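Subject: Structure handover

Hello,

Here is the structure we talked about. Please look it over with the notes below beside you.

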Amino acid sequence: MQLLEALNWRYATKKMDDSYVVPQELVNEIIEAAYLAPTSSGLQPFQVFSISNKELREKIQPIAYGQSQITDGSHVLVFAAWDKYTDERIDAIFDHMNTERGLPLETTDEYKAGLKAQLYAMSEEQQAAHAAKQAYIGFGIAITAAAMLKVDATPMEGFVNADLDKLLGLEEKGLKSTTILTLGKRDAEGDWLVNMKKVRHPKNTFLTEIK
């Protein structure tokens, strides 16, 4: 499927077939796409939790205001961003990067010092927001990958973050939940949105060309 065709095919699925399980190899491809997403300075300051366990998804459902896709789909991907930037986290990323590239660890010391100065000038709340923006990049690419693979998905911001963080033990890991992506197969007969026309802003209000 071509990219634009896939993006026109996808929609925020409202009702999923609870008898269908997305093949794990497709889930793995979607996660790999998020893994390869670009992030600021390559920090990749987020993690993805792939949850197929039905009992755990049943606990997540009320946290997500009862949305049925949590349990009717077969997988829930939780994108969780770092709560703040630290020397330990930043150093680990650059040490790994340089090691994988066969470079001395000190290769990026000057760049890293400048980056830390910029990040530490932010409050912890601003740092968490910056990390969450990076998670959203991976989230968007995961949605696109799902569409390319014809896996139905529902992006969700409608959940109680603090409750999900507690359920998954994210605070102890220095993480904050940002978004949820449920994966499954649309139940066309039960989904009011499935046959609705895809509507976006008029193109002339969306795009400004400066030549």
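Predicted model: local features only at pLDDT ≥ 70, side-chain atom pairs only at ≥ 80, totals over all residues.

Annotation. The UniProt record, an unreviewed entry, places the feature "domain: Nitroreductase" at residues 8-184. In the model, 49% of that span is helix and 16% is strand.

Helix H5. This helix covers residues 87-100. Which residues of H5 are buried? They are Arg89, Ile90, Phe94, Met97 and Asn98. These residues are on the same side of H5, because the arc they cover around the axis is only 155°. On the face turned away from the buried side are the exposed residues Glu88, Thr99 and Glu100. After H5 comes glycine 102, which has a positive phi, near 70°.

Aromatic residues. Searching the whole structure gives five aromatic pairs. One of them joins tryptophan 82 and tyrosine 85: the ring centres are 5.8 Å apart and the planes stand at 70°, so this pair is edge-to-face. An angle over 60 degrees is what counts as edge-to-face. Are these two residues buried or exposed? Tryptophan 82 is buried, because its relative accessibility is 8%, and tyrosine 85 is buried too, with a relative accessible area of 4%. Elsewhere, ring pairs join Phe46, Phe79, Tyr136 and Phe139 into a cluster. A charge also meets a ring: the charged end of arginine 186 sits over the ring of tryptophan 9, at 4.3 Å from the ring centre.

Threonine 71 belongs to helix H4 (residues 69-72). Threonine 71 counts as buried, because its relative accessibility is 12% and the cut-off for buried is under 20%. Setting aside residues up to four places away in sequence, threonine 71 touches Lys54, Arg57, Glu58 and Gln61. Tyrosine 65 is in the loop between helix H3 (54-63) and H4. With a relative accessible area of 59%, tyrosine 65 is exposed. Its phi is positive, near 55°, in a residue other than glycine.

The loop between H7 and S3. Lysine 150 lies between helix H7 (124-148) and strand S3 (152-156). Lysine 150 is another residue other than glycine with a positive phi, near 55°. It is partly exposed, with a relative accessible area of 49%. Leucine 149 lies in this loop as well, and at 25% relative accessibility leucine 149 counts as partly exposed. What does leucine 149 contact, leaving aside neighbours within four places in sequence? Its contacts are Leu26, Glu29 and Ile30. Leucine 149 and methionine 1 are 148 residues apart in sequence, while their C-alpha atoms are 7.8 Å apart in space.

Regards

Technical notes:
Residues numbered from 1 in each chain as written. Heavy atoms only, no water. UniProt positions renumbered as here; feature names shortened; annotations may be inferred. Helix = DSSP H or I, 4+ residues; strand = E, 2+ residues; numbered from the N terminus. Buried < 20%, exposed > 50% of the residue type's maximum accessible area, 1.4 Å probe, protein only. Contact = heavy atoms within 4.5 Å. Phe/Tyr/Trp six-rings, centres within 6.5 Å; stacked < 30°, edge-to-face > 60°. Lys NZ or Arg CZ within 6 Å of the ring centre and 35° of its normal. Expected span 1.5 Å × (residues − 1). Arc of directions from axis to C-beta.
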